[in-house]
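Hi everyone, thanks for coming. Please have the sequence and the model open while I talk, and stop me whenever you like.

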Amino acid sequence: CSEQSASDVGAPVTWTIVKSSPKRDEMSLVTVDTENDINFQVFNGTTESWGSVTELTDTTESSNQRPAFVEYEQLSGDALIVYEDYHLDDTNIAYRIYDGSSLGAEQSLDTGLASSAIRWVRMYPRASTDQIMVLILSKDQDIHAHFWNGTDFDSWILLGKELVTMDW
């Protein structure tokens with residue numbers, strides 16, 4: 001594959017998250033830029049080209065933190081994109097699914113957090129499953145773990161207040 005530049009997102013990028021599909025010859029790219037936009041695009045490894053940019057939101061609260069992440073389900077190869085959208089209530093976070101051909105509609109997850117914007121998102125896929133653990137950090141420094149079962153979010157737990165063990 002020759003060197004390729006991703007599509008222009010219209011402003012300097014502050015955060016870049018790139019993940020490779022375990023099932024298809026593609027990579028998903030999520031960017032956060034200085035205009036507080038969160039954008040998504042896909043690199044097709046077969047054609048060696050970047051697809052068009054989809055703006056997920058134009059109003060994340062801050063580009064200084066990393067309020068977005070993308071991760072692939074290991075069996076289906078679908079990508080889960082989770083991001084803070086200032087249009088939503090502060091107790092919610094937005095997410096979308098990319099199935100290899102189209103990006104699903106925005107959905108929201110009630111995080112269980114007190115009213116506090118999301119500052120940081122990180123996700124960890126579980127090997128040989130479609131399960132993904134989503135960790136979010138709020139403006140008030142609360143950390144929550146949200147369990148994606150491959151179809152929907154099952155449960156959440158507040159971390160950091162006491163030692164918690166999870167068998168997942």
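Let's begin with one serine: in which strand is Ser138 found? Ser138 is in strand E11. Bear in mind throughout that we are looking at a predicted model.

Now, is Ser138 buried or exposed? With a relative accessible area of 1%, Ser138 counts as buried, because the cut-off for buried is under 20%. And what does Ser138 touch, if we leave out residues up to four places away in sequence? Its contacts are Leu113, Ser116, Ala117, Ile118 and Arg119.

Ser128 sits in the loop that links strand E10 (118–125) and strand E11 (132–138). Ser128 is exposed, at a relative accessible area of 60%. Please look at its backbone too: phi of Ser128 is positive, about 60°, although this residue is not a glycine.

Glu48 also has a positive phi without being a glycine, and the value there is near 50°. You will find Glu48 in the loop between strand E3 (38–44) and strand E4 (49–50). Its relative accessible area is 29%, so Glu48 is described as partly exposed.

On to the sheet. In what order do the four strands of the open sheet come? The order is E6-E7-E8-E9, with antiparallel pairing. Strand E6 (68–72) and strand E9 (107–110) are at the edges; each has a single partner strand, so one side of each has no neighbour in the sheet. From one strand to the next, the twist averages 25°.

If you zoom in on E7 and E8, residues 79–83 and 92–98, you can follow five bridges joining these antiparallel strands.

Last topic, the aromatics. How many aromatic pairs does the structure hold? There are six. Tyr95, Trp148 and Phe153 come together as one aromatic cluster.

The charged end of Arg66 is over the ring of Trp120, 4.1 Å from the ring's centre. Arg122, for its part, lies over the face of Tyr124, and here the distance to the ring centre is 4.3 Å.

To recap with our opening residue: Ser138 is in strand E11, and it is buried.

Definitions and conventions:
Residues are numbered from 1 along each chain as its sequence is written. This is a predicted model: local features need pLDDT of at least 70, side-chain atom pairs count only at pLDDT 80 or more; totals for chains, interfaces and linings use all residues. Side-chain values use heavy atoms; hydrogens and water are left out. Two strands pair if DSSP finds at least two bridges between them. Helices (H or I, at least four residues) and strands (E, at least two) are DSSP runs, numbered from the N terminus. Axes are lines fitted to C-alpha atoms, for helices over the stretch in contact, and angles run from 0 to 180 degrees between N-to-C directions. Rings of Phe, Tyr and Trp (its six-membered ring) pair if their centres lie within 6.5 Å; planes under 30 degrees apart count as stacked, over 60 as edge-to-face and the rest as tilted. A charge sits over a ring if NZ of Lys or CZ of Arg is within 6 Å of the ring centre and within 35 degrees of the ring normal. Buried means under 20% relative accessible area, exposed over 50%, partly exposed in between (1.4 Å probe, protein chains only). Contact means heavy atoms within 4.5 Å.
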